[in-house]
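Me: Please take a close look at the aromatic rings in this model and walk me through how they pair.

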Amino acid sequence: ACPVCRYTLRCTGAGEEHASRCDRCATTEALWICLICGNVGCSRYRGAHASEHWRETGHIYALELDTQRVWDYAGDGYVHR
């Protein structure tokens with residue numbers, strides 16, 4: 001896992017596959033990582049654990065792992081470059 005963002009790339013080693021998982025429900029699909037603290041949560045269309053993290057902590061920025069786009073919860077939209 002990356003020491004900064006805790007994201008784990010899919011890789012094989014010793015016959016095992018490793019992947020990032022939602023910290024609450026352990027799904028490996030539709031994941032977002034908090035850019036403030038590194039919490040990994042699933043999307044609002046799965047268990048909504050990433051948005052629950054935002055409501056509990058106030059951490060407003062999360063990175064969608066599949067697309068590498070950043071979501072701003074306060075502005076309710078993607079951050080554009």
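Reply: Tyr 73 is buried, at a relative accessible area of 9%, where buried means under 20%, exposed over 50% and partly exposed in between, with a 1.4 Å probe and protein chains only. This is a predicted model, in which local features need pLDDT of at least 70 and side-chain atom pairs count only at pLDDT 80 or more, while totals for chains, interfaces and linings use all residues. Residues are numbered from 1 along each chain as its sequence is written, and side-chain values use heavy atoms, with hydrogens and water left out.

The structure holds three aromatic pairs; rings of Phe, Tyr and Trp (its six-membered ring) pair if their centres lie within 6.5 Å, and planes under 30 degrees apart count as stacked, over 60 as edge-to-face and the rest as tilted. In one of them, the rings of Trp 32 and Tyr 78 are stacked, because their centres are 6.3 Å apart and their planes stand at 25 degrees. This pair links distant parts of the chain, 46 residues apart, with Trp 32 in strand S3 (residues 31-34) and Tyr 78 in strand S7 (residues 77-78); strands (E, at least two residues) and helices (H or I, at least four) are DSSP runs numbered from the N terminus. Trp 32 counts as buried at 10% relative accessibility, whereas Tyr 78 is partly exposed at 27%.

Tyr 73 belongs to a pair with Trp 54, which is stacked because the ring centres are 5.0 Å apart and the planes at 10 degrees. Trp 54 lies in helix H1 (residues 49-57) and Tyr 73 in the loop between strand S6 (70-72) and S7, 19 residues apart.
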